[in-house]
Amino acid sequence: MLIFGITMNLGLLAYFKYANFFVENINLVLATQLSIANIVLPLAISFFTFQQIAYLVDAWKGETKEYSFLHYCLFVCFFPQLIAGPIVHHKEMLPQILRPTNLRPQATNFVIGITIFAIGFFKKTVIADNLALYVSPVFDNTNLTASIDFFTAWGSALAYTLQLYFDFSGYSEMAIGCARLFGVKLPINFFSPYKSTSIVEFWRRWHITLSRFLRDYLYIALGGNRHGKVRRYTNLLLTMVLGGLWHGAGWTFVIWGCLHGFYLVVNHAWVHLLKTFNLSIEKYKLYQLFSWALTLLAVVVGWVYFRAPNLEQANTILLAMAGEYGANLPSGIYAQLGGMSNWLADMGVGISQGGGKQLVLNALWVVVAAAIALKAPNVVEIFASKEKVSCDSKIQFQLSSLHWLQWDYNNRWVAKTALMLVFGILTLTQVSEFLYFQF
Amino acid sequence: MNAKQYLSRLLWSGGCLALVIAMFNWFIDPYLMFSSPRISGFNYYKADINNYVRITKAYQPVRMSMDTLIVGNSRVEMGFDPNHQCFNKHSVYNLAIPGAGIKMQLHYALNQIYQKNIKKIYIGVDFTDFLIDQKDYENQQKNINLNIIKRMKYNENGKKNEKYQWQYFIDSYQSLLTLNALNSSFKTILQQNSNASNRKDNGFNPAQDYLTVINEEGAIALFSQKLPELSARLSRPKYLFDSAGNRSTDFDELENFIQIAKQKQISVKLFTNPFHNDYWKLINKYKLNNKYQQWLKILTDILETSKHPRLEFWDFASDRRFSNEQPTKTKGKALKWFWEPSHYRKSLGDIMLNVMNQSDCNATSKQFGNKLK
């Protein structure tokens with residue numbers, strides 16, 4: 001029955017999400033002309049398939065209680081997190097749904113829910129949507145090689161790196177806030193991932209509920225670390241490749257998964273090396289800074305494949321980031337630089353047409369968004385001293401509970417919440433979409 | 001503070017904040033939607049208006065009294081000043097829309113004709129606005145931009161547009177309560193200098209924002225930036241007739257417009273916009289000269305057959321006596337007649353207006369252009 005249930009779930013996911021990809025590649029390899037009808041991907045199928053598989057596996061293990069079908073349906077279809085997560089586990093959801101106190105509206109839940117929602121709303125609509133303006137013109141440019149250079153490539157890649165974080169973590173927090181209005185606590189999905197100093201740490205902080213699912217129901221099911229190092233690394237790689245493919249049916253996602261699998265293997269091997277030779281260099285600030293920069297670079301390279309519409313486009317952007325297409329500053333910026341322009345010319349920085357307004361705004365948005373992503377506390381930290389906002393009991397990071405941005409019942413937080421909500425509302429008539437709705 | 005007080009204060013402060021933002025945007029009026037007072041040094045220049053002119057010119061002229069319209073694209077918007085001496089006895093509005101095709105330009109004009117007592121219309125036409133691309137060549141269709149039609153109080157056939165009020169509400173809301181509007185308001189306040197982008201209350205674009213680039217990089221920077229764009233545009237296949245042999249529907253739009261003007265006894269002065277020689281070089285390079293002559297011939301035929309008694313057609317494009325100035329790198333030195341290859345300056349527009357109005361305007365005029373009808 002378990003195999004039947006999993007097969008049915010994965011079969012539907014495979015049909016709706018991967019059938020076209022499969023046929024395209026068959027045609028490519030065998031030079032055939034096979035075609036299938038245009039399949040419309042059901043919204044949120046990737047997310048509820050995971051939740052259902054987890055439930056099936058746990059039911060088979062005898063870890064689930066007897067819930068009514070209606071309660072089970074509510075667990076799968078709970079609207080705040082249905083479309084793009086966080087991916088929830090029945091153990092943390094169903095008891096909350098069944099709790100009688102949650103049937104009555106509570107002012108405290110409203111206060112916390114609205115505040116978390118406002119933070120997510122602001123992150124998504126104000127920060128992520130403004131960063132998006134510098135992403136699409138490069139990533140979706142069909143004649144990219146004619147216009148790209150070092151600065152535009154980096155500007156766009158960094159803008160996407162931050163856009164994805166603010167978009168998805170913003171959405172997750174809107175879901176968490178929305179669920180909280182009903183008294184339901186969802187698990188936290190992001191814990192300041194760009195502060196990570198290693199890829200292993202990054203995956204503990206990024207899309208936490210997906211990492212948790214892949215670990216518990218794929219990596220461990222494949223054998224985890226129980227059969228030696230080679231098997232462990234193979235399992236890790238396989239888990240990440242499948243995780244990449246889960247995000248979308250395309251070779252760019254496979255490459256992204258492979259890259260992260262490779263990063264994780266290298267990271268684990270490095271940690272093993274440090275232990276073997278008893279090197280305790282982690283305590284040095286310079287090492288931490290280097291580790292952070294290297295981790296972020298690896299993540300940015302991965303995101304280029306994740307966002308690009310095809311491999312060729314991704315490779316072009318990465319080559320430009322490596323300086324392959326030269327470096328140019330718009331004539332408007334060059335004119336402002338005075339004596340420095342000669343030095344730049346000596347460095348090989350050329351002149352392109354235009355005033356440079358786009359480039360300057362791109363840089364400004366990246367700097368501001370990066371400062372928030374790297375310096376501001378996350379939602380868990382903001383509420384740490386007053387409230388546990390996540391239902392996940394295993395937050396593995398030290399909380400900076402004395403942070404100046406600690407939430408409390410005071411006028412400052414009323415003003416901040418109102419400001420974030422109103423600014424979010426101000427963007428409502430502007431066209432925007434959530435990036436993770438496509439997965 | 002308890003939870004209920006927190007929620008109540010949140011509601012009040014959120015509401016007040018939204019109200020303050022709406023009032024602020026109304027007062028700054030970055031898109032000239034509300035005719036709020038212009039205060040020198042505060043909100044006089046509308047620095048962020050360039051991307052919103054289609055909204056401005058859908059609603060602003062409704063509040064103006066006018067008997068003369070200037071119609072066209074950005075060239076006409078920058079070249080034809082409604083304060084020109086020959087307009088002394090008339091109230092004139094420059095309704096030219098940047099980046100608009102001939103259909104949209106004429107629809108904006110018709111929208112005013114159905115609302116006001118318009119006596120005279122100046123229409124600047126461009127050869128390139130009538131060319132159709134490969135897609136239209138294969139299957140030419142009436143290309144109607146629904147969003148624009150919704151903004152017009154009257155449809156092209158003179159019937160009231162039922163969606164107008166709703167669209168007006170949406171546009172007003174977006175000019176008061178969006179982040180874009182707030183951003184534009186701050187930009188407006190911060191860029192109060194004579195070189196900022198702007199539109200006057202009569203619709204004229206003084207184009208002083210070009211001076212920022214000219215002062216920093218010389219006029220040549222504008223030419224270097226514009227010519228590759230024009231070249232890319234003209235290099236793509238362009239046609240006057242589709243594969244079935246039908247002429248571009250833009251001619252039909254103009255023909256219909258002239259008939260309506262004739263019925264309403266509106267004088268029409270149609271003219272071709274002058275180009276800089278560098279623009280002409282591109283037209284030669286892409287072998288569009290024959291098409292240009294063909295275009296001129298079709299236009300003349302349309303005007304002849306319209307039998308409009310008060311219709312004139314002036315050709316300024318073919319006369320290149322003002323088109324030879326060369327841009328330099330010298331900072332702050334603009335050309336006398338052109339901003340860049342495709343946009344002529346008010347100085348040349350003034351001459352064109354003098355020439356076209358010689359009979360009823362005392363201004364002495366330099367020789368320019370030819371009257372074809």
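The questions and answers below go through a predicted model with chains A and B.

User: How are residues and chains labelled, and what pLDDT do local features need?
Analyst: Residues are numbered from 1 along each chain as its sequence is written, while chains are lettered from A and ligands numbered from 1 in the order in which they are written. Side-chain values use heavy atoms, with hydrogens and water left out; in this predicted model totals for chains, interfaces and linings use all residues, side-chain atom pairs count only at pLDDT 80 or more, and local features need pLDDT of at least 70.

User: Which residues of helix 5 of chain A are buried?
Analyst: Helices (H or I, at least four residues) and strands (E, at least two) are DSSP runs, numbered from the N terminus. Buried means under 20% relative accessible area, exposed over 50%, and partly exposed in between (1.4 Å probe, protein chains only). In helix 5, residues 90-98, the buried ones are H90(A), E92(A), M93(A), L94(A), Q96(A) and I97(A).

User: What covers the buried residues of helix 5 of chain A?
Analyst: Contact means heavy atoms within 4.5 Å. The cover for these buried residues includes three helices of chain A: helix 2 (45-61), helix 3 (69-77) and helix 10 (208-219).

User: How many residues does each chain bring to the contact, and how much area is buried between chain A and chain B?
Analyst: Chain A brings 33 residues and chain B 26 residues. Buried area is the accessible area (1.4 Å probe) that two parts lose on being put together, summed over both. Carbon and sulfur atoms give 68% of the area buried between chain A and chain B, which is about 2,300 Å².

User: Where is N20(A), and is N20(A) buried or partly exposed?
Analyst: N20(A) is found in helix 1 (residues 2-30) of chain A. Not counting residues up to four places away in sequence, N20(A) touches I36(A), A37(A), N38(A) and I39(A). Because its relative accessibility is 27%, N20(A) counts as partly exposed.

User: Why does the salt bridge of K57(B) and E77(B) tie together separate parts of the sequence?
Analyst: The closest N and O atoms of K57(B) and E77(B) are 2.8 Å apart. K57(B) lies in helix 2 (residues 53-59) of chain B and E77(B) in helix 3 (residues 74-79) of chain B, so the pair ties together parts 20 residues apart in sequence. K57(B) is buried at 1% relative accessible area, and E77(B) counts as buried at 0%.

User: How far apart in sequence are the parts tied together by D81(B) and K346(B)?
Analyst: The side chains of D81(B) and K346(B) meet in a salt bridge of 3.8 Å, N to O. D81(B) lies in the loop between helix 3 and strand 2 (92-94) of chain B, and K346(B) in helix 14 (residues 346-356) of chain B, so the parts tied together are separated in sequence by 265 residues.

User: How many salt bridges does a search of the whole structure find?
Analyst: One of the pairs is D216(A) with R215(A), at 2.9 Å, N to O. K124(A), D129(A) and D167(A) are linked in a network of salt bridges. Over all chains, the search finds 21.

Definitions and conventions
A salt bridge is a side-chain nitrogen of Lys or Arg within 4 Å of a carboxyl oxygen of Asp or Glu.
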